[in-house]
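Visitor: I would like to learn how to read a structure like this one. Please take me through its features in turn.

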Amino acid sequence: TKELLQEYVRWINRPIHQVYDYLIVDGVYVTIRKSSPKKAGTLMVVGITNKGQKEVLHFTLGTESERHFDEVLQSLIRRGLKTDAVKLVIADGAKGPIKSIVRHFGRDKLQRCVVHKTRNILDKCPKNLYEELKAKLNRLWNQTSRFEAERYLESLVEEYGEVARRAIE
């Protein structure tokens with residue numbers, strides 16, 4: 001209805017005063033009608049403060065294209081998002097959001113979502129190694145330092161390079 005649309009427009013344009021350490025960005029595709037196979041794309045950005053408080057900062061229709069994510073991030077910045085305070089922006093592997101994040105925040109603040117990364121790797125894994133590699137990927141993501149993670153990754157490449165080549169690549 002008209003009132004709901006007005007409320008949404010107020011919400012999507014509200015000023016951002018809070019400082020966010022982390023942003024999670026994603027596109028979600030939802031079925032609007034059971035009778036239609038077509039799904040609507042929605043774009044969402046969640047901010048997380050240094051105290052762990054989460055807030056949906058942006059939610060709109062769109063695709064995971066670079067142009068649509070540029071519009072979303074530019075809107076957040078225009079509304080007051082402090083980009084220099086953001087430590088990491090977490091995203092799945094979609095190319096559009098990644099290009100936009102790098103443009104607005106720099107490559108050093110981009111972090112691939114480990115859930116999506118794990119799924120992408122396991123999709124290319126032989127079925128008989130699925131559970132084993134899944135457990136080892138979880139160990140990889142939870143190493144205590146970058147050095148330890150790189151060392152553990154080298155051991156995974158050596159152990160699975162031949163038997164799960166596509167997943168390792």
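Guide: Start with a pair of strands: E1 (residues 22–31) and E4 (residues 88–91) run parallel and are joined by three bridges. Within this pair, leucine 23 stands opposite valine 89 in E4. This is a predicted model, where local features need pLDDT of at least 70 and side-chain atom pairs count only at pLDDT 80 or more, while totals for chains, interfaces and linings use all residues. Residues are numbered from 1 along each chain as its sequence is written, and side-chain values use heavy atoms, with hydrogens and water left out.

Visitor: What counts as a strand, and what counts as a pair?

Guide: Strands (E, at least two residues) and helices (H or I, at least four) are DSSP runs, numbered from the N terminus. Two strands pair if DSSP finds at least two bridges between them. In a regular strand the side chains alternate between the two faces of the sheet.

Visitor: In what order do the five strands form the sheet?

Guide: The order is E3-E2-E1-E4-E5, in an open sheet with mixed pairing. At the edges are E3 (54–61) and E5, each of which pairs on one side only. From one strand to the next, the twist averages 25°; such angles run from 0 to 180 degrees between N-to-C directions, with axes fitted as lines to C-alpha atoms, for helices over the stretch in contact.

Visitor: In which sense do E2 and E3 pair?

Guide: Strand E2 (residues 39–48) pairs with E3 in the antiparallel sense, over seven bridges. Threonine 42 stands opposite leucine 61 in E3. By contrast, E4 and E5 (residues 110–112) run parallel, joined by three bridges, and alanine 91 stands opposite arginine 112 in E5.

Visitor: Which helix makes a β-α-β unit with E4 and E5?

Guide: Helix H3 (residues 95–105) does, and the unit is right-handed. A crossover has that hand if, with the strands pointing away from the viewer, the path from the first strand over the helix to the second runs clockwise.

Visitor: Is lysine 99 buried, exposed or partly exposed, and where does it lie?

Guide: Buried means under 20% relative accessible area, exposed over 50%, and partly exposed in between (1.4 Å probe, protein chains only). Lysine 99 lies in helix H3 and counts as partly exposed because its relative accessibility is 48%. Lysine 99 and aspartate 70 are 29 residues apart in sequence, yet 8.9 Å apart in space, C-alpha to C-alpha.

Visitor: What about tyrosine 8?

Guide: Tyrosine 8 lies in helix H1 (residues 2–12). With a relative accessible area of 30%, tyrosine 8 is partly exposed too.
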